[in-house]
Amino acid sequence: MSVIYLLISISIIVAIGFFIAFIRAVKTGQYDDDYTPSVRMLFDDELVISKVKKSKADKLDLEKSEILLSNKSVKQ
């Protein structure tokens, strides 16, 4: 029976800790910005795609320049 009292008291302490953390987060403004996350969701994919396209284009340019250099060295 004493174990139940111990578990209940520990769970109440943990719940109070989470409640204090929640109140602190609300007071510091963690939940003030509701608009930015919805807009960020729309633009994240486009930024990633453009970075991937640029890196692929850079790789292709490097491969082309390597091929041209190797062809020049073979002709000489």
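## An aromatic pair

F22 is partly exposed, because its relative accessible area is 43%. Y31 counts as exposed, at 53%. (Buried means under 20% relative accessible area, exposed over 50%, partly exposed in between, with a 1.4 Å probe and protein chains only.) This is a predicted model, where local features need pLDDT of at least 70, side-chain atom pairs count only at pLDDT 80 or more, and totals for chains, interfaces and linings use all residues. Residues are numbered from 1 along each chain as its sequence is written, and side-chain values use heavy atoms, leaving out hydrogens and water.

How many aromatic pairs are there? The count comes to one. F22 and Y31 form this pair, which is tilted, with 6.0 Å centre to centre and 45° between the planes. (Rings of Phe, Tyr and Trp, the last by its six-membered ring, pair if their centres lie within 6.5 Å; planes under 30 degrees apart are stacked, over 60 edge-to-face, the rest tilted.)

## The whole chain

The protein chain has two helices and zero strands. (These are DSSP runs, numbered from the N terminus: helices are H or I, at least four residues; strands are E, at least two.) Of the 76 residues, 1% are buried.

## A nonpolar patch

M1, I4, Y5, I8, I12, I16 and I20 make a nonpolar surface patch of about 760 Å². (Patch residues have over 30% relative accessible area and no salt bridge; nonpolar side chains, Val, Leu, Ile, Met, Phe, Trp and Tyr, are joined within 5 Å, like charges within 9 Å. A salt bridge is a side-chain nitrogen of Lys or Arg within 4 Å of a carboxyl oxygen of Asp or Glu.)

I8 sits in helix α1, residues 2-27. I8 is partly exposed, at 45%.

How values were computed: Areas by Shrake-Rupley, 256 points an atom, 1.4 Å probe, with all protein chains shown as cover.
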